[in-house]
Amino acid sequence: DIQIMQDATFSNIITFDSEYDTALYSYEAKIAKDRKGTSFAWGAGTTTSVAFTISKTDETTLTLTLTADNTKNFGDDFEGVWDLLSKKTVGGEMVRESEGDVVVSPSVTASF
């Protein structure tokens, strides 16, 4: 499970076992209201999911990031789900590596 603060940059570091090599995989990670794809308020509009920016920190570590500009778009007290999928770059199938609930804490004081 993860907690995100509105108006703040969010990072989640995922570390795999030493035998795992992140260079052999492609990744996708998203936040959604639920697993059904229900629309939710996002800034001035709506969306069904928000993608994390994913960086391969080293052979066994990924960092999932949302900028402060992204986190401010969530509604106050947003609750949803997230997951991280991987696919081996050569002939692999999709695998759900991690998942959980998401809670966004509202911001009282925006960035100054």
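Strands here are DSSP runs of E with at least two residues, and helices are runs of H or I with at least four, all numbered from the N terminus. The model is predicted.

Stay with Thr-48 for a moment. Its relative accessibility is 37%, so Thr-48 counts as partly exposed. Gly-37 is 11 residues away along the chain, and the C-alpha atoms of Thr-48 and Gly-37 are separated by 5.4 Å.

Now step back to the whole chain. The protein chain has one helix and 10 strands. Read from the N terminus, the order is β-β-β-β-β-β-β-β-α-β-β. The C-alpha trace spans about 45 × 30 × 20 Å along its principal axes. The chain has 112 residues, and 36% of them are buried.

The largest nonpolar core holds 23 residues. Within this core, Ile-4, Ile-31, Phe-52, Leu-66, Phe-74, Trp-82 and Leu-84 touch the most other members. At least two core residues come from each of β1 (2–5), β2 (10–15), β3 (25–32), β4 (40–42), β8 (61–66), β9 and β10 (94–105). The biggest contribution is that of β3, which gives four residues.

Charged pairs come next. The structure holds five salt bridges. One of them joins Asp-83 and Arg-96, with the closest N and O atoms 3.3 Å apart. This pair links distant parts of the chain: Asp-83 belongs to strand β9 and Arg-96 to strand β10, 13 residues apart. Are the two partners buried or exposed? Asp-83 has a relative accessibility of 16%, so Asp-83 counts as buried. Arg-96 is partly exposed, because its relative accessible area is 45%. Both residues also belong to a network of salt bridges that links Arg-35, Asp-83, Arg-96 and Glu-99.

Two further pairs can be checked in the model. Glu-28 and Lys-30 meet through their side chains in a salt bridge of 3.0 Å, N to O. Glu-28 counts as partly exposed at 37% relative accessibility. Lys-30 is also partly exposed, at 31%. Lys-72 pairs with Asp-69, and here the closest N and O atoms are 3.7 Å apart. Lys-72 has a relative accessible area of 45%, so this residue is partly exposed. Asp-69 reaches 52% and therefore counts as exposed.

Asp-1, Asp-76, Asp-77, Glu-79 and Asp-101 form a negative surface patch. Take Asp-77 from this group. Where does Asp-77 lie? Asp-77 is placed in the loop between α1 (68–71) and β9 (79–88). The cut-off for exposed is over 50% relative accessible area. Asp-77 has 52%, so this residue counts as exposed.

The backbone of Asp-77 also deserves a look. Most residues other than glycine have a negative phi. Asp-77 has a positive phi near 60° and is not a glycine. Asp-7 gives another case, with a positive phi of about 65°, and this residue is not a glycine either. Asp-7 is found in the loop between β1 and β2.

Definitions and conventions: Residues numbered from 1 in each chain as written. Predicted model: local features only at pLDDT ≥ 70, side-chain atom pairs only at ≥ 80, totals over all residues. Heavy atoms only, no water. Patch = residues over 30% accessible without salt bridge, like charges linked within 9 Å, V, L, I, M, F, W, Y side chains within 5 Å. Areas by Shrake-Rupley, 256 points an atom, 1.4 Å probe, with all protein chains shown as cover. Salt bridge = Lys/Arg side-chain N within 4 Å of Asp/Glu carboxyl O. Lys, Arg positive; Asp, Glu negative; His and termini not counted. Charge placed at Lys NZ, Arg CZ, Asp CG, Glu CD. Core = buried A, V, L, I, M, F, W, Y, C linked by side-chain atoms within 4.5 Å. Buried < 20%, exposed > 50% of the residue type's maximum accessible area, 1.4 Å probe, protein only.
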